[in-house]
Each structure stands twice: as C-alpha cells, then as structure tokens.
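Please read this report with the sequence and the model side by side, and look up each named part as it comes.

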Amino acid sequence: MGYNQFSFLFFLCLCLLSLSSSIPHHLCRRDESISLLKFKKKLTVNSSVSSDGDGFCETFYNQMPHQKTSSWKMSRDCCSWDGVTCDEMIGHVIELNLSCSQLVGKIDSNSNLFQLSHLQRLDLFYNNFPGSHIFPEFDSSRFSSLTHLNLFKSSFSGQIPLEISHLSKLQSLSLSPSSETNLRLAARDFKLLFQNLTKLTALQLKGINISSTISLNFFSHLTTLRLLSLSNCNLRGPIPKSLSNLTRLELLVLDGNTLNGTMPSWMFSQLPSLRYLILSNNHFSGQLEDFKSNSLSGYVDVSLFSDLKQLRVLDLSYTSISLTNENKVNVTWLESLDKLGLAACEVKELEFLRSAKQLGDLDLSNNKLQGRIPVWAWSNWMFSMRSLNLSYNKLTSVDSPSSRLCRYH
C-alpha cells in the first residue's frame, strides 16, 4: 500500500469516528427501559416517608433522601437515569440503586422488577414497601448474576424464602424489617439458607424474627466474610472458637442477643483484620484470660484495648463493665475511633478521651460524670461529633457550642 493510499484510509477512519461520535448512542435496551417505567408506575414518591430523621442515608450513603425516579423518562436513555447502571458493551441494566429514594408502594411477585434478569446489584435500602414480601422470585432463575442484594429498612415482611440460597454468586446480603414490619425465618431453615452462599463477604441480618435461638456456629464456614452484623437475631450461647475461621472479618456486630459465657481473648489475636466490634446488650461474664484477668462483670481498664490501633467502633454499653483508667494516661488507641458507646459503664472522668479527636458518636449516658465538661472536649469534638448523649449523669452544666448536639440530665 502506497503512502497516499494509507493517508486516505487514515483520513477516512477519522471521518467515520467523528461521524459516529456525533450520532446519539442509546445503550439501554428498550424492553428493560419499559420494565423500569412499569415498575416506577406502580410506586409513588412521598418526601415525608424517608426524611432521614435517624440519619441512615447520610451515614451509609453520604446522601440525603431524594427522588431518583424523577429522572426516569422514555425520552432519555435509561442508562443515564439516576440509580441505573448499564453494561457498557451490551446495554443490559446490571445495577439498580434506589436507596433512599422515598418510594412507597407494594412490590408483588409479578413486579416488572423481576424482568431485569441481568441485574448484578439491587439496592432498595430505606424505602417503604409495606405488604411486600421477599418472594421466591428472588432466586437464581430470575437473578442468576446477582452479587449484591440490599432490602434493609424497606418494610419487607413475611417469611424469608429459601430460594435466596440459590443465589450462589451473592457476595453481600442485607435484610431487616422496619419498626412496623416483621421478617421471619424458621430456625430449621437457617442453616439451609446460608449453606450455599459461600461467596458472602457481607451479611447483615438485623431484627429477624427467628423461631428459636440459634448458634453462631452456623456462620463458621463463611470464610470470605468481611462484615457480619446480626443485631437482635435471637443468637444464644457462647461465642464459638469456630468463628476464628473468619480471618478476613473487619466488622462484627452481635448486640441485642442472649450470648453468654466469657468474651474469648482469641478475638483480638486470631481476627487480625477486625476494626469494628459491638457486643452490647448480651450476657457475658467471667474473666478475660489474656488481659490481666479483668472480669466482664467487674472492672476493665482502658489499656485492655491498647493493641487495637485500627478500631473504629466500640460499644460496651450495659454489659456490667466498670471502665477504669488506672494510670490516668492519654489513651492513644482512641485516635481512630468514630463511635464509642460506654453507657452504664461507671465512667467518672473524661481524661482518657483526650486523644479521641475523630469521634462522631459518643454515648456516656447513665454514668457518674460530675461538674462541667472540660473545655478541651468541645474543642476536640466540635467538628467531628454527630451525636453526644450525656443523659443521667450529675453534670452541673454543659457549655456546648451547639445546643442541639447533646442530651444531658
């Protein structure tokens, strides 16, 4: 090929590329666009429903509730709609994120949602779907590619179907009723539900009404877990040694159950990635063998947690622990903490918190604090603090820079 011919072909390719870029390119498949619009049509938007008074949307998604579906119009490519993500090559809808979208309505088994068979992520967090059930249609025959399913705080109710266990690619599962609804799971189905979900990295099952108490041994085979949150799920018995198999675990939340026995010291050595630990409102007792024999029903010094340099959340509220700071030192491990719960822990002074300059949530209610809050506390927490509970102490005054920040008595 001569130089002139090559130049001509090169120029022609540039022209074709320029022409193709000027033509509107619609990725979205028409059938999926229609399914989304029909799904939207059966729901309404109510701005008063998800006012985020409890801060869920801002905390978990760094956003306030807003009407995502208002951008859904047939005149626009559905891949550009708020909350919709498409495969760039084929155009299938692969992600539907309608978290905090102020949606209200009932999702039934014939919902057009189940026609989006290429979904990989489905997030309906914090909407209001009263009377909606987690139907057997949430299975691999409809959603064979699903890796993330979030139905947390969206008013789903009824029995959790075993068909969810067929979602073998699932990596993240979040389920919780709202305050007005009830999600149920028979204890005999519990093991069956999770035996196939071996790829789970995040499991959040809060407030599920399980028909009888269950053991944490059910989760020891889920070795890929990084997040395990099981608040108020009728868990019983001691924390089993088999949980040490979960070496990738970064967050462990087990509050509001009937766990008992001693808190095993191996949790601090054999779970090396652990950053968040919440065990409040259980029935632990006995000794912490590897930590100076401090009793969980007696005194625990703040130095107990000195090796947990990456700890972000610690909640010891209502555990019969009396927290002490015998050496009266500045506790440097607190520098990484974002949330600290020490309600009813016999706290008498705040000096051990002087290095905690990143605290967002602090609960010191039902303690023995007296006098005034030190000036350094307000200067340290003025910009990071979201909520501060000082109720039921013996404080004479709280000169907070923001009167809306705290509660005290």
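In what follows, two residues are in contact when heavy atoms lie within 4.5 Å, and an angle between two axes is taken between their N-to-C directions, on a scale from 0 to 180 degrees. The structure shown is a predicted model, and every value below was computed from it.

## The chain as a whole

The protein chain holds five helices and 28 strands. It has 409 residues, of which 51% count as buried. Among the contacts in the chain with a separation of 6 or more, 65% are made by residues 24 or more positions apart. The accessible surface of the chain comes to about 20000 Å², and carbon and sulfur atoms hold 50% of that area.

## Two open sheets

Strands of a sheet pair through backbone hydrogen bonds, in either a parallel or an antiparallel sense. Two bridges pair β7 with β9 (residues 183-185) in the parallel sense, and Gln 159 has Arg 184 in β9 as its bridge partner.

Strand β13 is joined by two bridges to β15 (residues 258-261), and the two run parallel. Within this pairing, Gly 237 has Leu 259 in β15 as its bridge partner.

## Two disulfides

How many disulfides does the structure hold? There are two, and the table sets out their sulfur distances and torsions.

| Cysteine pair | S to S distance | Torsion about the S-S bond |
|---|---|---|
| Cys 28 and Cys 78 | 1.7 Å | about 85° |
| Cys 79 and Cys 86 | 2.1 Å | about -95° |

Because its torsion is about 85°, the disulfide of Cys 28 and Cys 78 is right-handed. This pair links distant parts of the chain, 50 residues apart: Cys 28 sits in the loop between α1 (3-22) and α2 (30-41), while Cys 78 sits in the loop between α3 (56-61) and β2 (84-86). Both Cys 28 and Cys 78 are buried.

The disulfide of Cys 79 and Cys 86 is left-handed, because its torsion is about -95°. A residue counts as buried when its relative accessible area is under 20%; Cys 79 has a value of 17% and therefore counts as buried, and Cys 86, with 10%, is buried as well.

## Other buried residues

Is Cys 233 buried or exposed? Cys 233 is buried, because its relative accessibility is 2%, and Cys 345, at 0%, also counts as buried.

Ser 229 belongs to strand β12 (residues 227-229), and its relative accessibility of 7% is the reason why Ser 229 counts as buried. When neighbours within four places in sequence are left aside, Ser 229 is in contact with Leu 203, Gln 204, Leu 205, Leu 251 and Val 253.

Definitions and conventions:
Residues numbered from 1 in each chain as written. Predicted model: local features only at pLDDT ≥ 70, side-chain atom pairs only at ≥ 80, totals over all residues. Heavy atoms only, no water. Pairing = 2+ DSSP bridges. Helix = DSSP H or I, 4+ residues; strand = E, 2+ residues; numbered from the N terminus. Disulfide = S-S within 2.5 Å. Buried < 20%, exposed > 50% of the residue type's maximum accessible area, 1.4 Å probe, protein only. Areas by Shrake-Rupley, 256 points an atom, 1.4 Å probe, with all protein chains shown as cover.
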